[in-house]
Amino acid sequence: MLLNQFLLLGAVLFGTGVYGVLTRRHTVLVLMSIELMLAAVNINLVAFGAFSGSVAGQVFALFVLTIAAAEVGVGLAIVLLIFRNLHSSDLDDVDVLKG
Amino acid sequence: MIAQNVVFGVLAAAMVLSAIGVVTTKNVVHAALYLVVVLAGGAGQFLLLGQEFVAWVQVLVYIGAVIVLFLFGIMLTRAPMQPKESLDNDLKWPGLVVAVALVGILGALLVDAFEDTEIELEAPTRTIEVTDAVFRTYIIPFEVVGILLLAALIGAVVLARKD
């Protein structure tokens with residue numbers, strides 16, 4: 001297997017995640033797109049780990065996984081708080097900082 | 001080698017199509033289910049690379065916990081199942097341009113840098129090697145991640161609490 005096939009797959013998934021973050025309005029969908037990007041990063045880490053024959057790639061992927069889980073927990077709490085205060089989960093409605 | 005490449009191709013195609021589904025579908029629950037396919041495909045790729053431990057952790061943590069959290073989030077924010085208005089904002093074309101440019105630049109760089117470097121796989125990595133590394137070499141990052149999880153747990157409870 002080529003190293004590049006995994007790296008290119010990661011790049012395509014990352015690009016899709018970026019598109020999602022830029023174009024989605026619903027807060028939960030933006031969080032999902034961020035997860036997509038983190039999954040793409042994980043594929044890169046594991047592919048480089050397998051390539052170099054060390055376990056460092058796997059260990060780093062595990063750390064990324066942990067941080068992704070923590071991020072989703074806090075992120076959804078924030079989404080819930082936005083929904084409770086603004087009665088909307090639309091990111092375009094979160095403009096209270098506008099003068 | 002050929003069998004591995006066929007499996008890679010099938011998984012990669014499913015992952016890319018589902019990823020596009022995540023960012024384009026009009027139903028929020030479907031987006032979460034498409035995300036399951038992407039993450040399961042990722043776990044399959046890890047198995048293909050002989051990295052079993054992280055593959056099963058991905059299944060347990062991502063598909064088991066994170067997706068359920070997302071479904072709870074969808075439920076609690078009363079996301080529209082059949083939305084009348086679009087879930088996208090009006091940045092569709094600029095977003096597409098940015099994403100395609102990013103993939104193009106990354107792809108060109110990767111093809112230039114790694115051309116046809118092969119991954120030599122002798123045997124799958126054993127779990128004992130990974131856990132040894134986590135509890136010896138990476139013990140301090142491991143503890144820090146533990147504290148981070150605790151902080152995230154407390155933070156989420158404090159944020160979401162009603163009073």
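Q: What makes up chain B, in helices and strands?
A: In this predicted model, chain B has 6 helices and 0 strands. Along the sequence the pattern reads α-α-α-α-α-α.

Q: Why is chain B called more spread out than a compact globule?
A: The radius of gyration of chain B is 20 Å. The globule rule gives 15 Å for 163 residues. The value is well over the rule, so chain B is more spread out than a compact globule. Its C-alpha atoms fill a box of roughly 55 × 40 × 25 Å along the principal axes. Of the 163 residues, 33% count as buried.

Q: What does chain A contain, in helices and strands?
A: Chain A has 3 helices and 0 strands. Its pattern along the sequence is α-α-α.

Q: Why is chain A, too, called more spread out than a compact globule?
A: Its radius of gyration is 17 Å. For 99 residues the globule rule gives 13 Å. Chain A is well over that, so the description holds. The box around its C-alpha atoms is roughly 50 × 25 × 20 Å, along the principal axes. Of its 99 residues, 62% count as buried.

Q: What makes the contact of A:Arg25 with A:Asp90 a salt bridge?
A: The cut-off is 4 Å, from a side-chain nitrogen of Lys or Arg to a carboxyl oxygen of Asp or Glu. In A:Arg25 and A:Asp90, the closest N and O atoms are 3.3 Å apart. That is within 4 Å, so the pair counts as a salt bridge.

Q: Which parts of chain A does the pair A:Arg25 and A:Asp90 tie together?
A: A:Arg25 lies in the loop between helix H1 (3-23) and helix H2 (27-52). A:Asp90 lies in the segment after H3. The pair therefore ties together parts that are 65 residues apart in sequence. Both A:Arg25 and A:Asp90 are buried.

Q: Which residues gather in a patch of negative charge on the surface of chain B?
A: The patch holds B:Asp112, B:Glu115, B:Asp116, B:Glu118, B:Glu120 and B:Glu122.

Q: Where is B:Asp116, and why is it called exposed?
A: B:Asp116 is in the loop between helix H4 (92-114) and helix H5 (127-135) of chain B. Its relative accessible area is 56%. The cut-off for exposed is over 50%, so B:Asp116 passes.

Q: What stands out in the phi of B:Glu115?
A: Its phi is positive, about 30 degrees, although B:Glu115 is not a glycine. Most residues other than glycine have a negative phi. B:Glu115 is in the loop between H4 and H5. At 54% relative accessible area, B:Glu115 is exposed.

Q: What is the phi of A:His87, and where does this residue lie?
A: Phi of A:His87 is near 55 degrees, a positive value in a residue other than glycine. A:His87 lies in the segment after H3 of chain A. With a relative accessible area of 66%, A:His87 is exposed.

Q: Which residues form a nonpolar patch on the surface of chain A?
A: They are A:Leu86, A:Leu91, A:Val94, A:Val96 and A:Leu97. Together they have about 470 Å² of accessible area. A:Leu86 is in helix H3 (residues 56-86). Its relative accessible area is 30%, and A:Leu86 is partly exposed.

Q: Why is B:Pro124 called partly exposed?
A: Its relative accessibility is 43%. That falls between the 20% and 50% cut-offs, so partly exposed is the word. B:Pro124 lies in the loop between H4 and H5. B:Pro124 and B:Glu52 are 72 residues apart in sequence and 7.1 Å apart in space, C-alpha to C-alpha.

Key: Residues are numbered from 1 along each chain as its sequence is written. Chains are lettered from A and ligands numbered from 1 in the order in which they are written. This is a predicted model: local features need pLDDT of at least 70, side-chain atom pairs count only at pLDDT 80 or more; totals for chains, interfaces and linings use all residues. Side-chain values use heavy atoms; hydrogens and water are left out. Patches are made of residues with over 30% relative accessible area and no salt bridge: like charges are joined within 9 Å, nonpolar side chains (Val, Leu, Ile, Met, Phe, Trp, Tyr) within 5 Å. Accessible areas come from the Shrake-Rupley method with a 1.4 Å probe; for residues, only the protein chains shown count as cover. Lys and Arg count as positive and Asp and Glu as negative; His and the chain ends are not counted. The place of a charge is taken as NZ of Lys, CZ of Arg, CG of Asp or CD of Glu. Helices (H or I, at least four residues) and strands (E, at least two) are DSSP runs, numbered from the N terminus. Buried means under 20% relative accessible area, exposed over 50%, partly exposed in between (1.4 Å probe, protein chains only). The radius of gyration is taken over C-alpha atoms; the globule rule is 2.2 Å times the number of residues to the power 0.38.
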